Amino acid sequence: RAVAMSVSHSSRLNKLVREQYMRLPQDGRVQVTYVWIDGSGEGVRCKSRTLDKEPKSIEDVPEWNFDGSSTAQAEGSNSDMFLVPVCMFRDPFCLDPNKLVLCEVLKYNRKPAETNLRHTCKKVMDLVKDSHPWFGMEQEYTLLGINGHPYGWPDNGFPGPQGPYYCGVGADKVYGRDIVESHYKACLYAGVKICGTNAEVMPSQWEFQVGPCEGIEMGDHLWMARFILHRVCEDFGVVATLDPKPMTGNWNGAGCHTNYSTEEMRREGGLKHIEAAIEKLSKRHHYHICVYDPRGGRDNSRRLTGHHETSNIFEFSAGVANRGASIRIPRQVGQDGYGYFEDRRPAANCDPYAVTEAIMRTTVLNETGVETKDYADH
């Protein structure tokens with residue numbers, strides 16, 4: 001008996017008909033899709049416009065606006081918000097010469113919207129640029145049917161226990177590889193610095209990695225990779241959730257492990273700088289937990305239980321090759337004496353701008369406590 005999978009109606013439209021129109025020439029004009037983070041701090045929105053010629057740099061893309069009252073970012077009586085282009089990518093959906101453009105959101109008074117965390121992150125990254133911070137973020141996510149149930153799971157039950165699914169191969173072990181491979185190719189085409197992917201521990205859970213990226217580039221590239229993921233899933237008729245604990249019970253949660261180094265950590269003898277940074281992080285655990293998910297740690301409290309390859313949210317820990325610690329030093333780094341370390345605390349739905357900014361404030365700018373310093377006047 002054929003099993004009816006829970007996919008969206010639009011995914012069943014005839015894609016060959018669409019291809020007929022996608023092949024039509026554009027007469028030199030270019031479709032530019034503006035992408036931004038909405039008022040939830042997690043969702044992405046987009047809309048498109050036509051430019052008369054292909055933009056060669058981000059400066060060639062004009063500012064635009066949108067109705068912030070429909071994205072939980074403004075009142076209806078004063079709803080126009082500014083879209084300020086900050087990073088441009090090739091468009092893997094409409095193809096060259098069309099573009100995807102990531103934007104910052106500014107309010108009517110030109111101040112950053114509440115969920116525009118890029119604004120302060122950029123200030124901090126400019127301050128610490130001489131340390132050449134590199135980041136790599138491991139984005140875990142879960143595929144759901146349109147009914148909200150994990151894609152490929154039995155309708156009235158559960159798959160077998162975790163064990164065979166991580167990096168698995170075979171129709172009985174992995175669900176949705178077509179989506180994963182399409183996303184990977186789309187990111188490569190776009191110019192996103194995607195560097196890998198794998199099936200995760202829970203069935204229908206996957207991970208992709210972005211990096212190494214320096215400074216503000218980390219947040220830009222991860223947000224665009226997320227947009228492309230949601231857009232690919234739309235074509236296939238399923239949903240990608242970044243919820244840190246999409247299934248209660250004996251199932252792994254989803255994180256966004258963040259690998260980090262400065263230039264001095266990457267040099268011979270850099271281990272002492274890694275250990276010094278970890279010591280600073282250990283004294284500011286509560287601050288980091290509060291910024292590592294969009295709800296001040298409440299989302300992560302469902303995930304960071306001390307089980308399922310996580311640390312306990314209330315305790316800071318560090319260790320070599322320890323996936324149950326807050327901070328993991330890779331075994332190779334311990335042997336070489338230099339390299340990077342991994343902060344395993346960020347939730348899958350974290351804002352990468354907030355995470356990378358917090359790490360720099362603590363480890364390079366030497367901030368302490370739960371308050372942050374305003375560098376606007378410096």
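Tutor: Glu309 sits in the loop between helix H8 (298-301) and strand S11 (318-320), where helices (H or I, at least four residues) and strands (E, at least two) are DSSP runs, numbered from the N terminus. The model is a predicted one, in which local features need pLDDT of at least 70 and side-chain atom pairs count only at pLDDT 80 or more, whereas totals for chains, interfaces and linings use all residues. Residues are numbered from 1 along each chain as its sequence is written, and side-chain values use heavy atoms, with hydrogens and water left out.

The phi of Glu309 is near 60°, a positive value in a residue other than glycine. Most residues other than glycine have a negative phi, and most peptide bonds are trans. With a relative accessibility of 40%, Glu309 counts as partly exposed, a class that lies between buried (under 20% relative accessible area) and exposed (over 50%), for a 1.4 Å probe and protein chains only. Cys167, in the loop between S6 and H3, likewise has a positive phi, of about 55°, although it is not a glycine, and its relative accessible area of 40% makes it partly exposed.

The bond from Asp96 to Pro97 is cis, with omega near 10°, and Pro97 lies in the loop between strand S4 (80-90) and S5. A cis bond also joins Gly211 and Pro212, with omega about -5°, and here the proline lies within strand S8.

Trp206 is another residue of strand S8, and at 2% relative accessibility it counts as buried.

We now come to the pocket itself. On a 1 Å grid over the protein atoms alone, a pocket is an open set of points with protein on both sides within 12 Å along at least five of seven lines, a cavity is a set of points where a 1.4 Å probe fits but cannot get out, and lining residues have an atom within 4 Å of a point. Grid points are joined across faces, edges and corners, and a volume is the space filled by probe spheres set on the points. The largest pocket holds about 540 Å³ of space. It is lined by 35 residues, of which Glu138, His257, Asn259, Arg328 and Glu342 are the closest to its centre. Two or more lining residues come from each of S6, strand S7 (194-199), strand S8 (205-214) and strand S10 (256-261), and S6 gives the most, with six. By class, the lining has 11 nonpolar, 13 polar and 11 charged residues, where Ala, Val, Leu, Ile, Met, Phe, Trp, Tyr, Cys and Pro count as nonpolar, Asp, Glu, Lys and Arg as charged, and the others, Gly among them, as polar.

Glu138, one of the residues closest to the pocket centre, belongs to strand S6 (residues 134-144). Apart from neighbours within four places in sequence, it is in contact with Glu207, Phe208, Gln209, Gly255, Cys256, His257, Asn259 and Glu342. Glu138 is buried yet has no salt bridge, and the nearest side chain of opposite charge, Arg328, is 5.2 Å away. For charge, Lys and Arg count as positive and Asp and Glu as negative, while His and the chain ends are not counted; a salt bridge is a side-chain nitrogen of Lys or Arg within 4 Å of a carboxyl oxygen of Asp or Glu.

By that rule the structure has 25 salt bridges. One of them joins Asp299 and Arg302, whose closest N and O atoms are 3.4 Å apart. Shared partners link Glu42, Asp243, Arg295, Asp299 and Arg302 into one network of salt bridges. Within it, Asp299 is buried, at 7% relative accessible area, whereas Arg302 is partly exposed, at 33%.

Technical notes: Contact = heavy atoms within 4.5 Å.
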